[in-house]
Amino acid sequence: MNRPLVKRLVIAGGGTAGWVAAAALVKELGPLIEITLIESDEIGTVGVGESTIPTARSFHSILGIYEQAFMKATTSTFKLGIEFENWRKPGDRYFHAFGSVGKSVWMADFQHFWLEGVRQGFGGDYIDYSLEAQAAKANRFETHEGAPIGYAYHLDATAYAKFLRGLAVPAGVKRIEGKIQTVVQNPTSGFVEALELEDGQRIEGDLFLDCTGFRALLSEQTLQTGFEDWGQWLFNDAAFAVQTESQGPLVPYTRAIAHETGWRWRIPLQHRMGNGFVFSTDYLSPDEARTRFVDALESKPLFDPRLLRFKAGMRKKSWNKNVIAIGLASGFVEPLESTSIHAIMIAVTRLIQNFPFDGITDSAADRFNEQSRREMEHIRDFIILHYKVTERDDSPYWRRCRDMEIPASLAERIALFREAGLAYQAPDELFRVDSWIMVMLGQGIFPQAYHHAARMMEPGQLQKALGDLKARIAHEVSQLPDHGASVAAYPPADG
C-alpha cells in the first residue's frame with residue numbers, strides 16, 4: 001500500500017503537554033521532520049501538575065537540560081516523595097519515598113528479610129531502610145554527579161512550559177499564535193488534513209498531536225474516539241487550586257492530606273506554596289468545598305481559588321487515524337501520585353521511538369495504544385489502592401471507597417501481598433515494587449506470610465545486616481545539608 005510519508009508534524013495546543021512534545025521531538029528528530037505548534041495566549045492552561053516523579057530527570061537528560069537552568073527558570077524545589085496524612089485513618093500518616101528500599105537478592109526481595117526481622121523483634125519500620133524517606137524526615141537533601149539519592153521536582157507548571165518553549169523555538173519549532181476554528185478532515189479517510197485558525201491561516205500536516213487538554217479538540221470533538229470512564233472507582237471530579245505565600249521551611253516532599261470527601265495537596269516552591277483541594281461533587285458542593293479549602297489554607301492566598309472539573313478515565317484510543325492525544329487530551333487519573341507529567345513524557349518518548357516516517361499503519365497505532373492502555377491501567381490501579389484500602393468510616397465518601405468493587409487486576413495484587421508478601425512491577429508499568437509495598441503497608445495491609453530465605457542466615461546475621469543498613473543510611477543523612485540550603489543554590493531567574 002502506498003502510504004503518505006510523515007514529514008509535517010502539527011501540535012495543537014501548548015502548555016506542558018505541547019511544549020514537552022515540541023522540545024523532545026525537535027531535539028531528537030528535528031532534521032527529519034517539520035514541527036509546528038499552535039497555541040493561544042488567551043486560552044489558559046490547567047497547570048495543576050506542579051509535582052513530578054524521578055522519570056522526569058531521565059527525560060531531561062535525554063533533552064540535554066541543565067538542572068540548574070531548569071530549576072532557576074521554574075522556581076523548583078526538590079522532591080523525595082509524598083507524605084500521606086489521614087488516608088488509612090484520621091491522624092495516621094505514612095511516606096511514599098522515591099528510590100529503593102533496603103537490598104534485595106535474586107531469591108527474594110528485601111521485604112521478606114524485613115518481615116523476618118519484624119517477626120524476630122528488630123525489623124523496625126520498612127522506610128527505616130529508605131535513604132530518601134529518612135532524608136525527607138530530616139528535611140535534608142543534596143545532589144551531585146553520582147549521588148545515590150532518588151529525587152524529582154516540585155515546579156511551576158506555567159514557567160516550565162515557558163522554559164521548554166525557550167528551548168524548542170530556537171531549535172526549529174515554528175510557533176503560531178492563534179485559536180483553532182475548524183479541523184479539516186479528508187472526506188474519505190477521516191484523517192485530519194489541516195487546522196484552520198480564526199485569523200484565516202490554514203496549517204496543514206501529516207501527523208497531529210492533540211495537546212488541547214480536557215477539550216480534546218481533535219481526538220474527541222473531531223474524531224469522536226470515545227472515552228472510558230473510571231468514575232466507578234475514582235469518585236473525585238473537581239478540584240480547587242491556588243497559590244499562597246511561602247511559610248515555614250522548604251520541605252523536600254509533597255503533602256497529600258485526606259479529608260472527609262477527598263484530599264488536598266501542598267507543594268512547596270521557592271517563591272510560593274501550591275495548594276489544591278480535590279473532592280467529589282457527589283458529596284460536596286463547589287461552594288462548600290471552596291469554603292473548606294480557604295479555611296484550611298496555612299498562609300495568604302495570592303489570588304482567588306480556581307475551580308477545575310475533570311473526569312477520571314482515558315480515551316479508548318490514544319492514537320486514532322493520524323491524531324495522537326497527549327496529556328489531558330488522552331486521559332486523566334487524578335493528581336494524587338504526580339503522574340500527569342510523566343504520562344506526557346512517556347507518550348512522547350514512545351512516539352519518538354516509533355515515529356511513522358514512512359506512513360501511518362494500523363499495526364503501529366495499535367501497538368502504541370496497547371502500551372498506553374497498559375500503563376494507564378497500572379497507574380489507575382495504584383491510585384485506587386489509596387482509596388480502597390482504608391479504615392476510615394467517618395463519612396459516606398470513605399465508606400463508599402472502602403466498600404467498592406475494584407478491578408480484578410488490583411484485587412489480585414492486594415491478595416498476593418496480603419497472603420504471601422509478594423509484589424511485582426509489570427511490563428509497561430511505572431510504579432516499582434518498593435512503591436507498591438510502601439503504599440500497601442501504609443494503608444494497613446500487612447502480609448500473613450513471606451519467603452523464608454532469611455531463616456537460612458547464621459544467627460545474628462540478619463540483625464547485623466539490617467542494623468548496618470540503618471546505620472549507613474543514618475550516616476549518609478547526617479552528611480546532607482538542609483534542603484533549603486540546597487535549593488538556595490538555584491535561586492529564581494529573576495531573583
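Partly exposed means a relative accessible area between the buried limit, under 20%, and the exposed limit, over 50%. Keep in mind that this is a predicted model.

Q: Why is Asp-393 called partly exposed?
A: Its relative accessibility is 44%. Buried needs under 20% and exposed needs over 50%, so Asp-393 counts as partly exposed.

Q: What makes Asp-393 and Arg-402 a salt bridge?
A: Their closest N and O atoms are 3.1 Å apart. The cut-off is 4 Å between a side-chain nitrogen of Lys or Arg and a carboxyl oxygen of Asp or Glu, so the pair qualifies.

Q: Which label does Asp-282 get, buried or exposed?
A: Asp-282 has a relative accessible area of 54%. Exposed means over 50%, so Asp-282 is exposed. Asp-282 also forms a salt bridge with Arg-400, with the closest N and O atoms 3.4 Å apart. This pair links distant parts of the chain, 118 residues apart.

Q: Why does the pair of Glu-228 and Arg-373 tie together parts that are apart in sequence?
A: Glu-228 lies in strand β12 and Arg-373 in helix α10, so their pair ties together parts 145 residues apart in sequence. The side chains meet at 3.0 Å, N to O, and the cut-off is 4 Å, so this is a salt bridge.

Q: How many residues does the largest nonpolar core have?
A: The largest nonpolar core has 135 residues. Leu-25 and Trp-87 are among those with the most contacts inside it. Helix α1 gives the largest share of this core, ten residues.

Note on methods
Residues numbered from 1 in each chain as written. Predicted model: local features only at pLDDT ≥ 70, side-chain atom pairs only at ≥ 80, totals over all residues. Heavy atoms only, no water. Core = buried A, V, L, I, M, F, W, Y, C linked by side-chain atoms within 4.5 Å. Buried < 20%, exposed > 50% of the residue type's maximum accessible area, 1.4 Å probe, protein only. Helix = DSSP H or I, 4+ residues; strand = E, 2+ residues; numbered from the N terminus.
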